[in-house]
Amino acid sequence: MKRPLFVLCGIIMLQSVASPAIAEDKWLSPQDAISQLWSGRSPVGQGKEWPVDQCNQWGALPANIQAASTNTLSGLVIPTVDVNRAVLTNGLKQMAKSLLAYDPGEIAAGHFYPPADIDGPFALNPAYWQNAARSPHGNALDHLPVLDISGFDNEIHMTEVLKTQNRAEVMDTLNTTGGMTNSQRWNYYAARFSKVGQNDISLTGYVEFTQMEDQWDNQYAFAAADGRIVYDYVNNLIYFTPAHYKQWKQADFTPDPTPAYGCTPDGTCCDPFFNIAQQQQATQ
């Protein structure tokens with residue numbers, strides 16, 4: 001028994017040395033994540049001009065708040081959090097920075113996957129994005145802006161090529177196929193994976209990614225279950241929900257349990273999403 005115990009201890013020691021240091025600041029729960037993200041909203045230091053009970057009152061917000069926020073058809077306002085804010089977890093920050101550096105207009109083959117040269121806990125290789133990518137996002141409740149996707153043209157020959165391929169194969173095929181923009185490639189991807197269970201998800205210009213957090217630097221234990229990036233592949237914008245698309249209560253930041261992502265009673269919740277953006281001012 002001594003030798004296996006010694007080997008096990010050695011493995012644990014090697015993992016401790018090789019893995020990143022565990023961050024001091026964590027998101028302890030979806031409620032805590034929402035609270036911290038709301039506290040980090042832009043413009044920095046203007047919280048008094050945008051109290052939480054005005055998260056659904058676009059017209060009441062000052063011009064500088066509107067300039068750093070997003071209006072939606074649902075009436076709920078999406079706050080912006082700068083990607084450099086310390087409030088973001090390491091995995092989310094790396095993922096968001098890679099997507100923000102992405103070029104949706106790139107036509108040449110070999111550039112479908114987002115940039116890999118972003119500091120953080122992960123190797124942003126194709127396997128990373130293949131594991132993170134999910135289905136299109138239907139935006140059924142207009143919690144995100146409505147996008148114009150009329151310019152996309154999913155040709156039948158490419159649809160036929162992709163329809164029997166798995167996720168990794170689809171993404172690799174799109175990566176090696178030239179003659180279309182990355183936005184068009186994502187529209188093919190969205191169409192291929194628009195069937196979720198028995199449900200057909202409408203194409204809206206959005207695709208979902210799981211929030212990835214390294215197990216040795218896990219700043220959010222709920223990431224895989226609840227953390228979702230929704231990527232706007234039309235405009236290269238990033239929206240994030242730490243509570244699996246649930247609206248959250250103005251009173252205490254708790255995710256609302258109403259089925260179908262509604263809110264009870266109506267008018268007491270804020271938008272599920274935060275826009276993660278690269279802003280000109282350096283914010284900490």
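Reply: Gladly; below are some terms, each set against its cut-off. Please keep in mind that this is a predicted model.

Me: Let's begin with the cysteines. How many disulfides does the structure hold?

Reply: There are two disulfides in the structure.

Me: What makes Cys55 and Cys270 a disulfide?

Reply: The sulfur atoms of Cys55 and Cys270 are 2.2 Å apart, and the cut-off for a disulfide is within 2.5 Å. The pair therefore counts as a disulfide. It ties together distant parts of the chain, 215 residues apart: Cys55 sits in the loop between α2 (30–39) and α3 (63–67), while Cys270 belongs to strand β10 (residues 269–270). Both Cys55 and Cys270 are buried.

Me: Why is the disulfide of Cys55 and Cys270 called left-handed?

Reply: That comes from the torsion about the S-S bond, which is about -90 degrees for Cys55 and Cys270, so the name left-handed applies.

Me: How do you know that Cys263 and Cys269 are joined by a disulfide?

Reply: Their S to S distance is 2.1 Å, and the limit is 2.5 Å, so the link of Cys263 and Cys269 qualifies. The torsion about this S-S bond is 85 degrees, and the link is right-handed.

Me: Why do Cys263 and Cys269 count as buried?

Reply: Buried means under 20% relative accessible area. Cys263 has 13% relative accessibility, so Cys263 counts as buried. Cys269 has a relative accessible area of 2%, so Cys269 is buried as well.

Me: What is the pairing of the bonded cysteines, numbered in sequence order?

Reply: The pairing is 1-4, 2-3.

Me: Now to a charged residue. Why does Asp214 have no salt bridge?

Reply: A salt bridge needs a side-chain nitrogen of Lys or Arg within 4 Å of a carboxyl oxygen of Asp or Glu. For Asp214 the nearest side chain of opposite charge is Lys26, 11 Å away, so no salt bridge is counted. Asp214 is buried and is placed in the loop between β6 (206–210) and α9 (223–226). The side chain of Asp214 does reach the backbone nitrogen of Trp216, at 2.8 Å.

Me: What makes helix α4 "mostly covered"?

Reply: Helix α4 (residues 90–100) has 11 residues, and eight of them are buried. Among the buried ones are Gly91, Leu92, Met95 and Leu99. The buried residues of α4 pack against α5 (126–132), β6, β7 (228–232), β8 (237–241) and β11 (274–277).

Me: Finally, where are cis peptide bonds found?

Reply: One runs from Ser42 to Pro43, with omega near -10 degrees, and Pro43 is in the loop between α2 and α3. Another joins Thr264 and Pro265, with omega about -10 degrees; Pro265 is in the loop between β9 (248–249) and β10.

Conventions
Residues are numbered from 1 along each chain as its sequence is written. This is a predicted model: local features need pLDDT of at least 70, side-chain atom pairs count only at pLDDT 80 or more; totals for chains, interfaces and linings use all residues. Side-chain values use heavy atoms; hydrogens and water are left out. Helices (H or I, at least four residues) and strands (E, at least two) are DSSP runs, numbered from the N terminus. Buried means under 20% relative accessible area, exposed over 50%, partly exposed in between (1.4 Å probe, protein chains only). Lys and Arg count as positive and Asp and Glu as negative; His and the chain ends are not counted. A polar contact is a pair of N or O atoms within 3.5 Å; within protein, one must be able to donate a hydrogen and the other to accept it, and residues adjacent in sequence count only if both atoms are side-chain atoms. Contact means heavy atoms within 4.5 Å.
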